[in-house]
Amino acid sequence: MTELVPGGNLPLPAGAVTVRVPGPFDVSALITGEDGKVGGDADFVFYNQPAAPGARLTGDTLSLDPARLRAGAAKVTVVVSPADPGTASGRLPAPVLDVTGPGGRLLARFAPPRPREETVLLLAEVYRRGTGWKLRALGQGYADGLAGLARDFGVDVADGTPPPPAPGHAPSPDPDGFLGLVNSARAAAGSPPVALDARLTSAARAHALAMAAAGRLGIEGGDGVSVHQRLTATGYSYVTVGEHLVSGPRSPAEFVAYCLRTAPPRQTLHDPAFLHAGLAYVADSRSGDTYWTALWARPLTPTELARTASEVVDRTNHERTRHGLPPLAVDPRLTAAAQAHSTDMIARAFYSHTSPDGSRPWDRAAAAGATRRSIGENIACGQRSPAEVVEGWMNSPGHRANILKPDFTHIGIGFAGGGPAGTYWTQLFGA
């Protein structure tokens, strides 16, 4: 593995490579020709336009296959900016770029100096040299923001695809007055309005297309990808999520009317927890059916995660108090292990007390530094709120026994959104 410095470069092996920048950053890429300009707005890859020939953005990871880039492409510039545009770059950690080759082998790492006043950092470029491709570390700050950067590379910001706006505030076109219809219904129910988010709209369209291609409704499309996986692939992290998957309505007005007709769909549309929405519909040319996907979500923040975990603890302790048992105290080490397990179940696509590497709850607790002599674990997936998950555990004899076990004195909670089920919960108990 090569540690790069600004200006350093290395040859890339044939085949696809991945470039990952973890942390509080948005990753984007600009595909340019020999003249340093994009061929069109489609050459700007970001969370709302996450794919181009030979390039795909999934969360914090950009996958590149230089051989599949559009004709005339000579360079791909990797760009990072603060995920929260209200945060000054100088307050963020220095981004670290990892480059991985075929087979998952780490090829290079680049950690540039922390940016100061710059709002965008040109982190690296993958460029053609003869018949091969190389990577050059840049670490060059750019003060004019993504809009200025996009214009300088030739993206038509005024009339074409805009640069990515602030996460959580990404505007999305309002298809046929959908937002007005929804917010009118929410206001009548006493719920706050939602804003359309381009990431939710993008994921909704991808899922509507998949359902139309398969000719059936479903949380998973014919490609085996769930609607929740499509949403997290856009870079949107949520603390709660809802969806409507419908066929038949001919307009957004008919779609909203359908959702309001019966209790469960109406409850989702009215849910005051949601802040963002996205809608898409696709016609199946074979059957003539129209497939609709609406997504509803509340973004995940450290505050929301802490609030969610605290509510699970409070509801768990309420059940213990009802049964004459002392409340459980929060253990940060159990919390770390529980959170890691929820995240891991999504990352490695499993749902079990035993991880793919064979580790069990007590192994994970010990690895997090917990020293409790006795460990218990509850897991759950698919529940959309702390109330729902605790109720489910209490209705299951084995999970209920853990919650009401007199010997347990401490607890940690983990939550993550994504995967086939949409939400993954972990309770880790210790004595």
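Residues are numbered from 1 along each chain as its sequence is written, and side-chain values use heavy atoms, with hydrogens and water left out. Because the model is predicted, local features need pLDDT of at least 70 and side-chain atom pairs count only at pLDDT 80 or more, while totals for chains, interfaces and linings use all residues.

A salt bridge here is a side-chain nitrogen of Lys or Arg within 4 Å of a carboxyl oxygen of Asp or Glu. The whole structure contains 20 salt bridges. One of them joins the side chains of Glu34 and Arg128, with N to O at 3.0 Å. This pair links distant parts of the chain, 94 residues apart: Glu34 is in the loop between β4 (25–32) and β5 (44–45), and Arg128 is in strand β12 (residues 120–129). Helices (H or I, at least four residues) and strands (E, at least two) are DSSP runs, numbered from the N terminus. Glu34 is exposed, at a relative accessible area of 66%, whereas Arg128 is partly exposed at 33%. For these words, buried means under 20% relative accessible area, exposed means over 50%, and partly exposed lies in between (1.4 Å probe, protein chains only).

Asp98 and Arg109 form another salt bridge, their closest N and O atoms being 2.5 Å apart. Asp98 belongs to strand β10 (residues 97–100) and Arg109 to strand β11 (residues 106–110), 11 residues apart. Asp98 counts as buried because its relative accessibility is 14%, while Arg109, at 28%, is partly exposed.

Glu377 and Arg364 also pair, with 3.0 Å between the closest N and O atoms. Here strand β19 (residues 375–381) supplies Glu377 and helix α9 (residues 361–367) supplies Arg364, 13 residues apart. Both Glu377 and Arg364 are buried. Elsewhere, salt bridges link Arg298, Glu304, Arg307, Glu311 and Arg315 in a network.

Next comes helix α2 (residues 178–188), whose buried residues are Phe178, Val182, Asn183, Ala185 and Arg186. Seen down the axis of α2, these residues fall within an arc of 160°, so they line one face of the helix. The arc is that of the directions from the helix axis to the C-beta atoms. The face turned away from the buried side of α2 carries the exposed residues Ala187 and Ala188. The buried residues of α2 are covered by elements including β14 (195–196), α5 (252–261), α6 (263–270), β16 (276–283) and β17 (290–299). Just after α2, Gly190 has a positive phi of about 80°.

The structure has zero disulfides, a disulfide being a pair of cysteine sulfur atoms within 2.5 Å. Cys259 is buried, with a relative accessible area of 0%, and Cys381 is partly exposed at 27%.

In soluble globular proteins, nonpolar side chains tend to be buried together. A nonpolar core is a set of buried Ala, Val, Leu, Ile, Met, Phe, Trp, Tyr and Cys residues joined through side-chain atoms within 4.5 Å. The largest such core has 34 residues, of which Ile31, Val45, Leu62, Leu97 and Val99 touch the most other members. Leaving aside neighbours within four places in sequence, Val99 is in contact (heavy atoms within 4.5 Å) with Leu12, Thr18, Val19, Arg105, Leu106, Leu107, Ala108 and Leu135. A second, separate core has 19 residues, among them Val390, Trp393, Ile403 and Phe415.
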